[in-house]
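The following exercises concern a predicted model. Please work through each task before reading its solution.

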Amino acid sequence: MTKVQFTSNFGMVCAQCGDLLIAPDWAEYEDEQHVLNLWSCPKCGCHFETMAAIPPIADSIQMFFPSLLVA
């Protein structure tokens with residue numbers, strides 16, 4: 001069985017031919033924590049979708065603004 005890597009450092013890798021895709025054709029919010037991305041590859045014509053998880057807002061704020069209190 002061959003393991004296929006679908007993500008890259010920038011964008012997405014085509015599920016069929018492995019070509020680098022920079023941005024999805026369409027993205028829509030499923031709910032507060034999930035985004036559905038629709039991709040199509042101009043090289044081979046493959047269409048596929050991925051689901052991205054969005055961290056809760058409290059975690060995002062804490063990541064960008066860590067506590068400034070020092071013990």
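**Exercise 1.** In which strand does Thr-50 lie? Determine also which side chain makes a polar contact with the side chain of Thr-50.

*Solution.* Step one places the residue: Thr-50 belongs to strand E5, which covers residues 47–53. Step two considers polar atoms: the side chains of Thr-50 and Trp-39 form a polar contact at 3.0 Å. Step three lists the surroundings: leaving aside residues up to four places away in sequence, Thr-50 touches Met-12, Val-35, Leu-36, Asn-37 and Trp-39.

**Exercise 2.** Identify the residues of the largest nonpolar core, and state which residues Cys-41 touches.

*Solution.* The largest nonpolar core comprises seven residues, namely Met-12, Cys-14, Leu-21, Trp-39, Cys-41, Cys-46 and Phe-48. For Cys-41, with residues up to four places away in sequence not counted, the residues touched are Cys-14, Cys-17, Asp-19, Leu-21 and Cys-46.

**Exercise 3.** How many disulfides does a search of the whole structure find? Explain the result for Cys-14 and Cys-46, and decide whether each is buried or exposed.

*Solution.* The search of the whole structure returns zero disulfides. For Cys-14, the nearest cysteine sulfur is that of Cys-44, 3.6 Å away, and Cys-14 is in no disulfide. For Cys-46, the nearest cysteine sulfur is that of Cys-14, at 4.4 Å, and Cys-46 is likewise in no disulfide. The criterion applied is a pair of cysteine sulfur atoms within 2.5 Å. Turning to accessibility, the cut-off for buried is under 20% relative accessible area. Cys-14 therefore counts as buried at 2% relative accessibility, and Cys-46 is buried with a relative accessible area of 12%.

Methods:
Residues numbered from 1 in each chain as written. Predicted model: local features only at pLDDT ≥ 70, side-chain atom pairs only at ≥ 80, totals over all residues. Heavy atoms only, no water. Helix = DSSP H or I, 4+ residues; strand = E, 2+ residues; numbered from the N terminus. Polar contact = N/O pair within 3.5 Å; in protein donor to acceptor, adjacent residues only side chain to side chain. Contact = heavy atoms within 4.5 Å. Core = buried A, V, L, I, M, F, W, Y, C linked by side-chain atoms within 4.5 Å. Buried < 20%, exposed > 50% of the residue type's maximum accessible area, 1.4 Å probe, protein only.
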